[in-house]
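Please consult the sequence and the structure shown here alongside the text.

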Amino acid sequence: MERSVQRDLVEAAQGGDQEAFEVLAKGSADRLYAIARLILRDVDLAQDAVQETLIRSWRGLPGLRDPERFEAWLHRLLVNCCTDQARGRQRLTANVRVIDFDLPDPDDSNLVADRDQLERGFRRLKLEQRTLVVMRYYLGLSLPELAETLSLPLGTVKSRLHYAMEALRAAVEADLRPGSELTRTTA
């Protein structure tokens, strides 16, 4: 969405225009869901987080000082809602994997194995670490944008992202060590 159009929609929604907010919500919902699903690793929790984000954004929109910062503000709300969903989770979760019947080309088998290995490592990260990795590498936010979105100092963001990547690397390497669950099942 073009910035000037988005700004006009945000300003209209701030004035109570529900149709303008609906356009903003529909334009953001799919991306918000993708981000929430990557952070929370649960479809239902991700849907709940997006719903809560949209509710909070409608209620808080009149207080948004800079309509140009709508996207960053929305991402910050989503991160907060994801954190709330993860903390409030009182149920057992099962990692159910959908089986894809489209077999990859023989040349792509290493890519599938690498993706699966990375997925297992990503699951082991703490919520805060997944959030940083998703916002940096999935959303493509620069470090200053990430710091602004999360309301953290730039040095803190750099440090936390560094430790998140180290944790991801360690989790992936742990799967490759002899005696790990992965090597036992493939041996």
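**Surroundings of Ile39**

Ile39 touches Cys82, Leu127, Arg130, Thr131 and Val134, leaving aside residues up to four places away in sequence; contact means heavy atoms within 4.5 Å. The model is predicted: local features need pLDDT of at least 70, side-chain atom pairs count only at pLDDT 80 or more, and totals for chains, interfaces and linings use all residues. Residues are numbered from 1 along each chain as its sequence is written, and side-chain values use heavy atoms, with hydrogens and water left out.

- Ile39 lies in helix H2; helices are DSSP runs (H or I, at least four residues) numbered from the N terminus.
- Ile39 has a relative accessible area of 0% and is therefore buried (under 20% relative accessible area, with a 1.4 Å probe and protein chains only).
- The C-alpha atoms of Ile39 and Thr131 are separated by 5.5 Å, although the two residues are 92 apart along the chain.

**Helix H6**

- Helix H6 covers residues 127-138, and its twelve residues should span 16 Å at 1.5 Å a residue, which agrees with the 15 Å between its end C-alpha atoms; the expected span is 1.5 Å times one less than the number of residues.
- The buried residues of H6 are Leu127, Gln129, Arg130, Thr131, Leu132, Val133, Val134 and Met135.

**Packing of H1 with H2**

- Helix H1 (residues 3-14) packs on helix H2 (residues 18-40) at an angle of about 130°, and their axes are 7 Å apart; axes are lines fitted to C-alpha atoms over the stretch in contact, and angles run from 0 to 180 degrees between N-to-C directions.
- On the H1 side, Gln6, Leu9, Val10, Ala12 and Ala13 meet Ala20, Phe21, Val23 and Leu24 of H2.
- The residues of this contact of H1 with H2 comprise eight nonpolar, one polar and no charged; Ala, Val, Leu, Ile, Met, Phe, Trp, Tyr, Cys and Pro count as nonpolar, Asp, Glu, Lys and Arg as charged, and the others, Gly among them, as polar.

**Packing of H3 with H4**

- Helix H3 (residues 43-60) and helix H4 (residues 70-87) also pack at an angle of about 130°, with axes 8 Å apart.
- H3 and H4 are therefore oblique to each other.
- The contact of H3 with H4 has nine nonpolar, five polar and four charged residues.

Technical notes: Helices (H or I, at least four residues) and strands (E, at least two) are DSSP runs, numbered from the N terminus. Angles under 35 degrees count as roughly parallel, over 145 as roughly antiparallel, 65 to 115 as roughly perpendicular and the rest as oblique. Buried means under 20% relative accessible area, exposed over 50%, partly exposed in between (1.4 Å probe, protein chains only).
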